[in-house]
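This report describes how the parts of one protein chain pack against each other. Please keep the sequence and the model in view while reading.

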Amino acid sequence: MIDTSTLASANLPLFLTKTYEFVDDSRSDHIVAWKDDGRGFVVKDVNKFCDQILNKYFKHSNFSSFIRQLNMYDFKKTRNVQNEKVFSQPSFQRGKKMLLANI
């Protein structure tokens with residue numbers, strides 16, 4: 001998990017810090033995780049993601065609303081296989097949380 005207080009002090013949008021936090025949390029890797037190359041993330045099970053992740057971090061569990069927010073920050077859906085969704089944004093990378101300031 002990341003230190004969101006450090007990121008908050010950098011005036012980063014809460015949506016980005018929360019998204020980075022749950023993607024970076026290895027306890028939820030079976031639902032959402034970094035891509036193998038660390039340059040984006042995979043939602044492995046949309047239903048579990050909505051039920052177990054979204055409503056924990058946000059005031060909703062609506063996947064379409066989450067995607068709209070991602071689009072606002074120029075995330076691109078790079079792959080859509082069955083129930084898996086893959087998203088990337090050049091400044092959203094594993095281990096490089098300070099790049100979020102570029103989004």
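## An enclosed strand

How many of the five residues of strand 4 are buried? The structure is a predicted model. In this model, four of the five residues of strand 4 are buried, so the strand is largely enclosed by the rest of the structure.

Strand 4, which spans residues 84–88, runs antiparallel to strand 2, and three bridges join the two. Within this pairing, Phe 41 stands opposite Phe 87 of strand 4.

In soluble globular proteins, nonpolar side chains tend to be buried together. The largest nonpolar core of this model has 26 residues, and those with the most contacts inside it are Phe 22, Phe 41, Phe 49 and Phe 66. Two or more residues each are contributed by helix 2 (14–24), strand 1 (32–34), strand 2 (41–43), helix 3 (46–57) and helix 4 (63–72). Helix 3 supplies the largest share, six residues.

Which residues of helix 4 are buried? They are Phe 63, Ser 65, Phe 66 and Leu 70. Viewed down the axis of helix 4, these buried residues fall within an arc of 160°, so they line one face of the helix. An α-helix has 3.6 residues a turn, so residues three or four places apart point the same way. On the other side of helix 4, Arg 68 and Met 72 are exposed. The cover over the buried residues of helix 4 includes helix 2, strand 2, helix 3 and strand 4.

The surroundings of the helix can also be described. Helix 4 is followed by Asp 74, which has a positive phi, near 65°.

## Aromatic pairs

How many aromatic pairs does the count come to? The count comes to 20. In one of these pairs, the rings of Phe 22 and Phe 58 have centres 6.3 Å apart and planes at 90°; the pair is therefore edge-to-face, since planes over 60 degrees apart are classed in that way. This pair links distant parts of the chain, as Phe 22 lies in helix 2 and Phe 58 in the loop between helix 3 and helix 4, 36 residues apart.

Terms used: Residues numbered from 1 in each chain as written. Predicted model: local features only at pLDDT ≥ 70, side-chain atom pairs only at ≥ 80, totals over all residues. Heavy atoms only, no water. Core = buried A, V, L, I, M, F, W, Y, C linked by side-chain atoms within 4.5 Å. Buried < 20%, exposed > 50% of the residue type's maximum accessible area, 1.4 Å probe, protein only. Arc of directions from axis to C-beta. Contact = heavy atoms within 4.5 Å. Pairing = 2+ DSSP bridges. Phe/Tyr/Trp six-rings, centres within 6.5 Å; stacked < 30°, edge-to-face > 60°.
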